[in-house]
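Subject: Structure for your review

Dear colleague,

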Amino acid sequence: MAWSSVSETLETLNPIHGQAARAESRREPNGAAGARSDWQIFEIVGLLQAPLLELLDEARSVHRRYHADGRVQLASLLSIKTGACPEDCKYCPQSAHYAKDTGLERESLLHVDDVLAKARLAKEAGATRFCMGAAWRSVKDGPAFDSVLAMVRGVRALDMEACVTLGMVTKDQAKRLAEAGLTAYNHNLDTSPEFYREIITTRTYEDRLETLAHVRHAGLQVCCGGIIGMGETIEDRARLLQELATLDPHPESVPINALVPVPGTPLEDQKPVEPLDLVRMVATARILMPTSFVRLSAGRSALSREAQILCFLAGANSIFYGDKLLTTANNDVDDDLALIEEAGLRVKPACAS
Ligand code: SAM
Ligand code: DTB
Ligand code: SF4
């Protein structure tokens, strides 16, 4: 059989082969060959539900083409202001709405020097990106924001990438963050527009898209992803990925979180995410957004080593690295380094940008 007919046969037998191949042969407005911004929902559902090994084959081939160096980015995370958030995100232990049930102690904004000391430790441990999270609904101009700008400048002076997640930002605030040298702003869409209102009522999907537009307008990289395991359907997962993959350009980084069902939050009784569902989500994100970093995020500590390896195989090329996420536990750093080495992956060095 000639090679072209093998390909045709695969396309007939396996629609995902055709989708990924078509994606690769196009050049879309964001300039990255293969990065389509017109994904249709039936295509994405088709990928999420494809036979697992075929999905993995496609994701792996896209990943090898766009990330041939096999590097994994280690990003460390620090909660710089914890708890007492006025939003009602049902998954979040930091919402003031659930504080009496979660028992989470609120903490005011950390001092710049303390944050930079943590960043230095993260760098010594091998992280090249330092992400700072504040449990705010939105940024307020004033001393607290000025401190965050100083944190950003300090992290950049350590030659690390700096990312912050502070809730909603205005155009001007995004510009000031960019001037301070910020690399990326994290603001997740979390789920589909349709399921969103089951999870958050205090701000809208449109609010989130507006913040993402402000971030992009300021010339910052966009870090945007979501969570699975909150009771959503496959179609919701596909709609989330469609929203992400139709941003033009695509987010430079896409965190894929599995719900950490924190006691005291309304989602505490959700059943654990099936690890292979996470693998499917990662693989589909990789095919849809070939040039992005796909970050295996919250929920990783519930995965076996084998499941994590499958996520790397599916195209994950970044992890949160450090014993803690924001308020919940993360994997042990020595275990992570050992896993990366055993898998034959390498750690991404700091980026000069
Ligand atoms: N307040 C800011 C905001 O919402 O944009 C930044 C911090 S917020 C904690 C960052 C992200 O963490 C959320 O958008 C959500 O995707 C993720 N997250 C929070 N709690 C989680 C949980 N229990 N399980 C999984 N992901 C979670
Ligand atoms: C993201 O998507 N996940 C990270 C980061 N961006 C800020 C946060 C995960 C938080 C998990 C729950 C906690 O530790 O509080
Ligand atoms: Fe948690 Fe952020 Fe929602 Fe606040 S806005 S409750 S910190 S996810």
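The notes below begin with conventions and then turn to the fold and the ligands.

This is a predicted model, in which local features need pLDDT of at least 70 and side-chain atom pairs count only at pLDDT 80 or more, while totals for chains, interfaces and linings use all residues. Residues are numbered from 1 along each chain as its sequence is written, and chains are lettered from A and ligands numbered from 1 in the order in which they are written.

The protein holds 14 helices and ten strands, where helices (H or I, at least four residues) and strands (E, at least two) are DSSP runs numbered from the N terminus. Of its 353 residues, 47% are buried, meaning that 20 or more other C-beta atoms, placed from the backbone, lie within 10 Å of the residue's own.

Helix H11 (residues 234–245) reaches 16 Å from its first C-alpha to its last, close to the 16 Å expected, the expected span being 1.5 Å times one less than the number of residues. Ten of its twelve residues are buried, so H11 is largely enclosed by the rest of the structure. Its cover includes helix H3 (41–48), helix H9 (193–199), strand S6 (226–228), strand S7 (253–258) and helix H12 (275–288).

H12 is itself mostly covered, with eleven of its 14 residues buried, among them Leu278, Met281 and Ile287. In strand S8 (residues 293–296), Phe293 and Arg295 on one side and Val294 and Leu296 on the other are all buried. S7 and S8 pair in the parallel sense over four bridges, pairing being taken as at least two bridges found by DSSP, and the partner of Pro255 is Arg295 in S8. The chain crosses from S7 through H12 to S8 in a right-handed β-α-β crossover, that is, with the strands pointing away from the viewer, the path from the first strand over the helix to the second runs clockwise. S8, helix H13 (residues 305–313) and S9 also make a right-handed β-α-β unit, and S8 is joined in parallel by two bridges to S9 (residues 318–320), where Ile319 stands opposite Leu296.

As for the ligands, 19 residues surround ligand 1, the closest being Thr165, Asn188, Asn257, Val260 and Ala298; a residue is counted if its C-beta atom, placed from the backbone, lies within 6 Å. Around ligand 3 the shell includes Cys85, Cys89, Cys92 and Arg137.

With best regards

Conventions:
Two residues are in contact if their C-beta atoms, placed from the backbone, lie within 7 Å.
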